[in-house]
Amino acid sequence: MWSLILTVIISSLGAVLYWIHRRARFRFADKWPCLQPVYPLIGNAPIVFGKSDVERFEVIRDVCIASDRIMKAWVGPKLLLVTSHPDFIQQILGSAHCLEKPFLYRFAGFEQGLFTAKYHIWKEARKRLNPTFNQRIIRGFVPIFAKCADKMVARLSEYSDGETVNIHKYTALCTLEMACGTTLGSDVLQREGKEEFEQGLDQAFNGAARRMMSVHLYTDVVFRMTRHYKELMHARKVVCDFFTKLVIERKQYLSEKCNSNEPKQEDSHKPKILVDQLLSTSQDGKTFTQEQITDNVYAVITGAVDTTGLVTAHACLFLSFYPEVQDRLYAEINQHFPTGPSEEVEFSPDILKQLTYMEMFLNEVQRHWTVVPAIARENIAEIEIDGVKVPPGNIFCLSFYALHRRQDIWGPDADRFDPENFSEERVKKRHPFAFVPFSGGNRICLGWRYASFSMKTVMVSLVRNFKFSTKIKQEDIRFKHDLTLKLPFEHWVQISKRKPTTA
């Protein structure tokens, strides 16, 4: 009896002391409104309990849109400072004190890779990998992009006019081939396991997103007792096994090349593709561990597949929704890439850069359906934001999805699809951080230039060969909670082959 009373007293005292400590720890944020209701220990977590992935996305979306400047939200005992304000996003992304990824990214796994790595790991890896994504190297990738896009067109050409296809299946496979060809030097078209890889990638992303929003799964001991853990580990194993085979093959190729008696070219100063850089030794004698190699390959290839493949699939739906936009885009493409045999088409970087309406269109697609709807940053030193001094160790949640819909930036018709939003005249008048599809600042996505060229190549190949329509209604579009912006159903479109004389 006395032991029970003592336990209750100690527990109650501990809870009170914890509450006092928390109150003092986060007093600096009293200025900002707090998402309600808030519960002890679990914070605002109940607002997503028992909800589907679609409902979770919509709850989070509404919270972010409601945050005009900064709003407090509690994920368990962790405080999130949520914002979609361009001034604050610019300040946070541009600050040398906000380059850390918070604990939530640990749930995505592959913690030695650029996407999830802690600051001290990311800084060294980014420095060594930057040369593999410089402009000269990426421009040299365009012929590989074009080759992969031609294969995609050939596969789609097997369908009869008017047939319905899940276009994301084809754009995802195309971008997987592009990514493996340009980062691992491998052709995956005939490789076994590519379908399982794509499924594993989707499951790995979804599993990580689910854990981020499930406070009761934050503790590793508890998470490992659930079926979600087993499913996530299986998905990651499928993805890693696929990459590992490719890396081993490349390592063997480089070893045979090094040991061959063929005259060696002087290429010590030539930038290497990703895998060659990962397998090399730096000037100061450092090498990447096997874990670092695997995690960085995962970060780069999955980043390419789950962004470029998704954006181009989204773009095909928007073309279907807006035939007049599709006609104007086709006219521009036909001006630079006349319809005819694919082998007669020259996909040069300079010509791709001349596709101004294409760029405006793809930007507007990404504004509406921002492929990475939100990111988080943690400050490693005190910063002052909105007149408040924020001590180190706090988490900022930046909603790009809400940012790209702010009426004070995009006008009262912010929800209307209009590529002219990215005309040169309008862009000049806009806040420099009003549109950040690839994040910004020092930790901006390493492959943003890569994505630009690859997306344009895919869209040129698709639009010059096919006309798109869909039975999906734009008002029926919804999204599900994930690390990237995904539909809860397939990208069903009807395709018709272009005729050489059709304008």
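**Salt bridges, sheets and a surface patch**

Colleague: How many salt bridges does the structure hold?
Modeller: The structure, which is a predicted model, holds 25 salt bridges.

Colleague: Start with Glu58, please. What does the side chain of Glu58 meet in a salt bridge?
Modeller: The partner is Arg478, with N and O 2.7 Å apart. Glu58 belongs to helix 2 and Arg478 to the loop between strand 8 and strand 9, so this pair ties together parts that are 420 residues apart in sequence.

Colleague: Is Glu58 buried or exposed? And what about Arg478?
Modeller: Glu58 counts as buried because its relative accessibility is 17%, and the cut-off for buried is under 20%. Arg478 has a relative accessible area of 38% and is therefore partly exposed.

Colleague: Which residue does Asp202 meet in a salt bridge?
Modeller: Asp202 meets Lys486, and the distance from N to O is 2.7 Å. Asp202 lies in helix 7 (residues 194-212), whereas Lys486 lies in the loop between strand 8 and strand 9, so the pair ties together parts that are 284 residues apart in sequence.

Colleague: How accessible is Asp202, and how accessible is Lys486?
Modeller: Asp202 is partly exposed, at a relative accessible area of 33%. Lys486 counts as buried, at 6% relative accessibility.

Colleague: Which residues are linked with Asp202 and Lys486 in a network of salt bridges?
Modeller: Asp306 and Asp482 are linked with Asp202 and Lys486 in that network.

Colleague: Next, Arg250. Which residue forms a salt bridge with Arg250?
Modeller: Asp276 does, and the closest N and O atoms are 2.9 Å apart. Arg250 is in helix 9 (residues 227-259) and Asp276 is in helix 10 (residues 274-279), so the pair ties together parts that are 26 residues apart in sequence.

Colleague: Are Arg250 and Asp276 buried or exposed?
Modeller: Both Arg250 and Asp276 are buried.

Colleague: How do strand 1 and strand 2 pair?
Modeller: Strand 1 (residues 71-75) pairs with strand 2 in the antiparallel sense, over five bridges. As an example, Lys72 has Leu81 in strand 2 as its bridge partner. The two strands form a hairpin with two residues between them, and Gly76 takes a positive phi near 65° there.

Colleague: And how does strand 7 run against strand 2?
Modeller: Strand 7 (residues 395-399) runs parallel to strand 2, and four bridges join them. In this pairing, Thr83 stands opposite Leu398 of strand 7.

Colleague: How many bridges join strand 4 to strand 7?
Modeller: There are five, and these two strands run antiparallel. Glu378 stands opposite Ile395 in strand 7.

Colleague: Why is strand 2 described as largely enclosed?
Modeller: Five of the six residues of strand 2 (residues 78-83) are buried, so the rest of the structure largely encloses this strand.

Colleague: What is the order of the open sheet of three strands?
Modeller: The order is 3-9-8, with antiparallel pairing. Its edge strands are strand 3 (163-166) and strand 8 (466-469), each of which pairs on one side only. Neighbouring strands of this sheet are turned by 45° against each other on average, direction ignored.

Colleague: What joins strand 3 to strand 9?
Modeller: Four bridges join strand 3 to strand 9 (residues 492-497), and the two run antiparallel. In strand 9, Gln494 is the bridge partner of Thr164.

Colleague: One helix as well: how many residues of helix 18 are buried?
Modeller: 15 of the 18 residues are buried, so helix 18 is largely enclosed by the rest of the structure.

Colleague: What span should helix 18 have, and how far apart are its end C-alpha atoms?
Modeller: Helix 18 (residues 448-465) should span 26 Å at 1.5 Å a residue, and its end C-alpha atoms are 26 Å apart, which agrees.

Colleague: Finally, the surface. Which residues make the nonpolar surface patch?
Modeller: Tyr39, Leu41, Ile42 and Phe49 make a nonpolar surface patch of about 370 Å². Tyr39 sits in the loop between helix 1 (2-25) and helix 2 (53-66), and Tyr39 is partly exposed, with a relative accessible area of 38%.

How values were computed. Residues numbered from 1 in each chain as written. Predicted model: local features only at pLDDT ≥ 70, side-chain atom pairs only at ≥ 80, totals over all residues. Heavy atoms only, no water. Patch = residues over 30% accessible without salt bridge, like charges linked within 9 Å, V, L, I, M, F, W, Y side chains within 5 Å. Areas by Shrake-Rupley, 256 points an atom, 1.4 Å probe, with all protein chains shown as cover. Salt bridge = Lys/Arg side-chain N within 4 Å of Asp/Glu carboxyl O. Buried < 20%, exposed > 50% of the residue type's maximum accessible area, 1.4 Å probe, protein only. Expected span 1.5 Å × (residues − 1). Pairing = 2+ DSSP bridges. Axes fitted to C-alpha atoms, helices over the stretch in contact; angles between N-to-C directions.
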